[in-house]
Amino acid sequence: MSAAKIDPILLSVYARTFKSITDEMSISMQQTTRSPILCEAKDFVTGVYDAEGRMLEHLGTVRDHVLDNARLASGETLLDVGCGNGLIAFGGLERGARVVFVDVSRPLLDDCRGLAVDAGIVDRCRFLEAA
């Protein structure tokens, strides 16, 4: 069985086309959102956001897979370095863990803190801004 031939010129055209599309999408997203996740961190992870920039639906299955493999137990401490919007961290909190949120983005950490306060679980959280 022989490998399929790939036309390098056509491959380059496709790569540039996809890059152009993603660049335009990111510019549009930055111009139309108030979400610190997109504006400050430029984190374009797929999700559904409300008008205030809060994530409504996200990659819960990925989070659950990571936490299942970590065998995180209630009462243990989870260190989430590069926590972003708290996808993994809030999953750990749902499982009864204590969580240390660490990120370089102060707006993202503030957003996570606000969500933890609203959920009544901030007593199990620490928030550290990385340099």
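User: Which residues form one aromatic cluster?
Analyst: Happy to start there, with the reminder that this is a predicted model. A search of the whole structure finds 2 aromatic pairs. The residues that form one aromatic cluster are Phe 90, Phe 101 and Phe 127.

User: How are the rings of Phe 101 and Phe 127 arranged as a pair?
Analyst: A pair of aromatic rings is described by the distance of the centres and the angle of the planes. For Phe 101 and Phe 127 the centres are 4.7 Å apart and the planes meet at 20°. Planes under 30 degrees apart count as stacked, so this pair is stacked.

User: How many residues apart in sequence are the parts that this pair ties together?
Analyst: Phe 101 belongs to strand S4, and Phe 127 belongs to strand S5. The pair therefore ties together parts whose separation in sequence is 26 residues.

User: Are Phe 101 and Phe 127 buried or exposed?
Analyst: The cut-off to keep in mind is that buried means under 20% relative accessible area. Phe 101 has 0% relative accessibility, and Phe 127 has a relative accessible area of 11%. Phe 101 therefore counts as buried, and Phe 127 is also buried.

User: Which strands does S4 pair with, and in what direction do they run?
Analyst: On one side of the pairing list is strand S3 (residues 77-81), joined to S4 by 5 bridges; there, Val 81 stands opposite Val 102. Strand S5 (residues 125-129) is joined to S4 by 5 bridges too, with Glu 129 as the bridge partner of Asp 103. The answer is S3, which runs parallel to S4, and S5, which also runs parallel to S4.

User: Which helices take part in β-α-β units with S4, and what is the handedness?
Analyst: One unit consists of S3, helix H4 (residues 87-94) and S4. Another consists of S4, helix H5 (residues 106-119) and S5.

User: Which residues does Leu 93 contact beyond its neighbours within four places in sequence?
Analyst: Leu 93 sits in helix H4 and is buried, with a relative accessible area of 4%. Setting aside neighbours within four places in sequence, its contacts are Val 99, Phe 101, Ile 121, Arg 124 and Cys 125.

User: Which element gives the most to the largest nonpolar core?
Analyst: This core has 17 residues, and those with the most contacts inside it are Phe 90, Leu 93, Phe 101 and Phe 127. At least two residues come from each of H4, S4, H5 and S5. With 4 residues, the element that gives the most is H4.

Technical notes: Residues numbered from 1 in each chain as written. Predicted model: local features only at pLDDT ≥ 70, side-chain atom pairs only at ≥ 80, totals over all residues. Heavy atoms only, no water. Pairing = 2+ DSSP bridges. Right-handed = clockwise from strand over helix to strand, strands pointing away. Phe/Tyr/Trp six-rings, centres within 6.5 Å; stacked < 30°, edge-to-face > 60°. Buried < 20%, exposed > 50% of the residue type's maximum accessible area, 1.4 Å probe, protein only. Contact = heavy atoms within 4.5 Å. Core = buried A, V, L, I, M, F, W, Y, C linked by side-chain atoms within 4.5 Å.
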